[in-house]
Amino acid sequence: MLFRVQSAAVFGITAYPIWVEVDFESGKKPKFKTVGLPDAAVRESHQRVKAALRNCGFAVPSKNITINLAPANLKKEGSAFDLPMAVGILGAAGFVCPRDPASCLYTGELSLDGSVRPVRGALPMASMAREEGIASLVVPEANAPEAAIVEGVRAFPVRNLLEVVALLNGERQWIAHTVDRARLMESPPSPEADFRDVRGQYQAKRAMEVAVSGGHNVLLVGVPGSGKTMLARRLPTILPPMSFDEAIETTKVHSVAGLISDRGGLISRRPFRAPHHTVSAAGLVGGGAIPRPGEVSLAHNGVLFLDELPEFPRQVLDLLRQPLEDGEVSIARAAGTLTFPARFLLAAAMNPCPCGYRGDRQHECSCTPPMIQRYLGRVSGPLLDRIDLHVQVPAVPYRELAGEGEREDSRTVRERIVNARRIQRERLGECGVAYNAQLAPRLLRRFCRLDSGGEKLLENAVTRMGLSARAYDRVLRVSRTLADLEGIGEIQPRHVAEAIQYRTLDRRVD
């Protein structure tokens, strides 16, 4: 007796259809075999499946059971095939009424008592089901909110194997989980953190506004206690709202990483990730025996904050070059290459020297020039080239700390940023580019033309500071963003001058 059940396997953030084929055959010594390139977790499934069936009151036939996961050339990983295997065995044994196997997809891990546990990648599976014309998904109850986000498919939550049998035998009504997509996309309540909490640091706050407006990476350099971390942690409060497509893509990454809460299926707030400087290469950019997304992918469409930048291992930092340039991470393994999206705004912070007090009027620096050079050398020149804004963050004077003057809140700053982003979309929409930081060299010549005054300023900067070709392009992109913030079509010399001020570390790298 052959019985087929539809399921799915997830590679990266993309799901692929998998057929779970169950066949019974008489034999003197009953065996349970799983074929189709399964990994260790899939091969162990038969133990969980047999125990779950037995504890739910179903007698497993004393026959040879062969389960094929097709197509056989794709490696199958994880425990998500437990539920479709159990449904296939029940169907082959005649415990459930057959239904069109192509109309419903099953996924879920089984406990020994028959409970259905959540799995990773339910949202990519739902997206694949819509593309393949699969109308229904039977998923663990905890995965139903994210699977139901995809329009065109119905997600039916189940808590245990008995509920699945009742559904298939018509003993329980098929009630799909529903979500209010518009409500999920509503702006979450404003966090307690706000830009108005930051006293002084007007130049740094200006730089943060410029960075978010054009999607530029930013590096804060200042003495301890000057507010670098405080500024960076308030970046999410001025980020523009996410679009629905951005929310879906971000949620897919978090889904395959197993970071989706069962209380809500959609990530509608831009992520903010701040890994510790002891993070490994796999933890930062992704990897492992079974490749998982790293911090750069979990920060997709949001902010990646690296505090104490020189404390990160240099070889780990240099791995950021590809995602900063390409907006994605490719992880190669013997079985194939996986690609995770990784388009994020990089915000980093560091001290000006090992002791932290170089240039501070209140404290004397105890570092020698070689010590300072070695410290700054921990961050490679090519990585610094990919950071558009280098911002000096000095200590805040007492007068500003104790002052009670009016300070702009995050909402006011965000409104200017949203307007600047709108200008960029209208100008760059036909080019397939969202904001200025993504401008390719050929587009720079088209949209970032300078007058004679601006050309002269930039020529002097390149000559005196020794800017690289990449840094030259960065100055043009930032100048374009500064003009957009003012709503001006032409880049003025003052925009170029301000953009050049944000390349201060270039002098120290050479």
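Arg-421 lies over the face of Tyr-435, 4.6 Å from the ring centre; a charge is taken to sit over a ring if NZ of Lys or CZ of Arg is within 6 Å of the ring centre and within 35 degrees of the ring normal. The structure is a predicted model, in which local features need pLDDT of at least 70, side-chain atom pairs count only at pLDDT 80 or more, and totals for chains, interfaces and linings use all residues. Residues are numbered from 1 along each chain as its sequence is written, and side-chain values use heavy atoms, with hydrogens and water left out.

**Overall architecture**

- The chain contains 23 helices and 16 strands; these are DSSP runs, numbered from the N terminus, with helices (H or I) of at least four residues and strands (E) of at least two.
- The C-alpha trace spans about 85 × 45 × 45 Å along its principal axes.
- Of the 510 residues, 52% count as buried, where buried means under 20% relative accessible area, exposed over 50%, and partly exposed in between (1.4 Å probe, protein chains only).
- Among contacts (heavy atoms within 4.5 Å) between residues at least 6 apart in sequence, 73% join residues at least 24 apart.

**Surface, charge and rings**

- The accessible surface comes to about 23,100 Å², and carbon and sulfur atoms account for 48% of it; the areas come from the Shrake-Rupley method with a 1.4 Å probe, and for residues only the protein chains shown count as cover.
- There are 66 positive and 57 negative side chains, with the centres of the two sets 3 Å apart; Lys and Arg count as positive and Asp and Glu as negative, while His and the chain ends are not counted.
- The place of each charge is taken as NZ of Lys, CZ of Arg, CG of Asp or CD of Glu.
- Arg-4 lies over the face of Trp-19, at 4.0 Å from the ring centre.

**Helix H4**

- Helix H4 (residues 122-132) is largely enclosed by the rest of the structure, because eight of its 11 residues are buried.
- Those buried residues are Ala-122, Leu-123, Pro-124, Met-125, Ala-126, Ser-127, Met-128 and Ala-129.
- Their cover includes strands S1 (2-11), S2 (14-25), S5 (104-106) and S8 (136-140), together with helices H5 (144-147) and H10 (244-256).
- Gly-133 follows H4 and has a positive phi, near 80 degrees.

- Val-256 lies in helix H10 and counts as buried at 3% relative accessibility.
- Beyond residues up to four places away in sequence, Val-256 touches Val-10, Gly-12, Ile-13, Arg-120, Gly-121, Pro-124, Arg-292, Pro-293 and Phe-340.
- The C-alpha atoms of Val-256 and Thr-14 are separated by 9.3 Å, although the two residues are 242 apart along the chain.
- Val-212, in helix H8 (residues 202-214), is buried with a relative accessible area of 0%.
- Leaving aside neighbours within four places in sequence, the contacts of Val-212 are Leu-235, Ile-238, Leu-239, Pro-240, Leu-345, Ile-417 and Arg-421.

**Backbone features in loops**

- The peptide bond from Ala-70 to Pro-71 is cis, with omega near 5 degrees, and Pro-71 is found in the loop between strand S4 (64-70) and helix H3 (82-93).
- Leu-37 is not a glycine, yet has a positive phi of about 65 degrees; Leu-37 is found between strand S3 (32-35) and helix H1 (40-43) and is partly exposed at 43% relative accessibility.
- Asn-301, also not a glycine, has a positive phi of about 70 degrees; Asn-301 lies in the loop between helix H12 (295-298) and strand S12 (303-306) and is buried, with a relative accessible area of 14%.
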